Amino acid sequence: MKHWPYPRWIAHRGAGKLAPENTLAAFRLGASYGYRMFECDAKLSADGVVFLMHDATLERTTNGQGIGGDLPWHALSQLDAGTWHSRTYAGEVLPTLQALAQFCLANGHLLNIEIKPTPGTEAATGEAVARLAKHLWAGASVPPLLTSFKPDALAAAQQTAPELPRGLLIDTLWTGWFEKALALGCVAVVANYALWDVATVARVQGAGLRCLSYTVNDDWAARHLLALGTDGIITDRVDLLPPQ
């Protein structure tokens with residue numbers, strides 16, 4: 001992308017750990033701290049609905065059990081996704097990507113959608129997320145940024161909606177990561193913040209890609225990344241790191 005339309009500061013899963021992650025309550029809270037771009041995790045229900053959840057299993061962030069992607073949306077929509085966090089959010093529900101898109105578009109917020117497939121559904125999830133995002137953001141001035149740790153999911157997104165920007169997520173500098181990002185037509189590499197140094201930033205930006213970091217929760221780390229000239233910081237600490 002010749003013009004980078006996204007802000008530097010991105011709220012992780014809505015509001016980091018201040019509200020139950022990947023719920024509309026979290027995105028509203030993140031927005032109340034001045035954030036205007038959010039990261040979320042998207043996966044597929046058994047009947048093809050794109051919904052928000054990080055883990056493959058339900059136990060950590062809902063009162064359900066088992067693999068989320070094995071259930072139809074009707075069953076997932078009945079789960080309590082808030083009580084695990086605090087009594088304040090008891091009864092909060094899992095949102096669909098469509099519900100989050102409506103919130104973001106109505107309020108002028110931007111979105112980084114991490115394609116988070118249930119294992120074995122990488123291509124199907126990448127295709128479904130890209131198709132839905134293309135439809136939901138049709139005519140929007142700024143499209144969502146699609147990212148994933150799974151190259152197969154990004155490849156499916158690329159084939160389905162090549163016009164939507166993509167970013168490769170990495171947690172190590174595995175052999176071929178840079179070449180894979182280029183082959184996938186990515187506009188960004190989103191790395192564990194500890195991986196960035198002067199040479200790696202120069203390599204990525206020299207190829208015309210942007211450098212984003214996750215998950216940055218300390219002021220010293222944020223200042224280091226800013227000094228390196230990186231382009232985006234994903235954080236849980238929406239209360240500590242004010243967006244600039």
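This is a predicted model: local features need pLDDT of at least 70, side-chain atom pairs count only at pLDDT 80 or more; totals for chains, interfaces and linings use all residues.

Trainee: Where is Asn112 placed?
Mentor: Asn112 belongs to strand S4, residues 110-115.

Trainee: Is Asn112 buried or exposed?
Mentor: Asn112 is buried, with a relative accessible area of 2%. The cut-off for buried is under 20%.

Trainee: And which residues is Asn112 in contact with, leaving aside neighbours within four places in sequence?
Mentor: Those contacts are Met37, Phe38, Glu39, Cys40, Leu145, Thr147 and Ile234.

Trainee: Turning to helix H5, which of its residues are buried?
Mentor: In H5, residues 151-160, they are Ala153, Leu154, Ala156 and Ala157. They line one face of the helix, because they fall within an arc of 160° seen down the axis of H5. On the other side of H5, Asp152 and Gln159 are exposed.

Trainee: What do the buried residues of H5 pack against?
Mentor: They pack against S4, helix H4 (122-136), strand S5 (145-148) and strand S6 (166-170).

Trainee: How many residues of S6 are buried?
Mentor: Five of the five are buried, so S6 is largely enclosed by the rest of the structure. Arg166, Leu168 and Ile170 lie on one side, with Gly167 and Leu169 on the other.

Trainee: In what sense do S5 and S6 pair?
Mentor: The pairing is parallel, over three bridges, and Leu146 stands opposite Arg166. With H5, these strands make a right-handed β-α-β unit.

Trainee: Which strand do four bridges join to S6?
Mentor: That is S7, residues 188-192, which runs parallel to S6. Ala188 in S7 is the bridge partner of Gly167.

Methods:
Residues are numbered from 1 along each chain as its sequence is written. Side-chain values use heavy atoms; hydrogens and water are left out. Helices (H or I, at least four residues) and strands (E, at least two) are DSSP runs, numbered from the N terminus. Buried means under 20% relative accessible area, exposed over 50%, partly exposed in between (1.4 Å probe, protein chains only). Contact means heavy atoms within 4.5 Å. The arc is that of the directions from the helix axis to the C-beta atoms. Two strands pair if DSSP finds at least two bridges between them. A crossover is right-handed if, with the strands pointing away from the viewer, the path from the first strand over the helix to the second runs clockwise.
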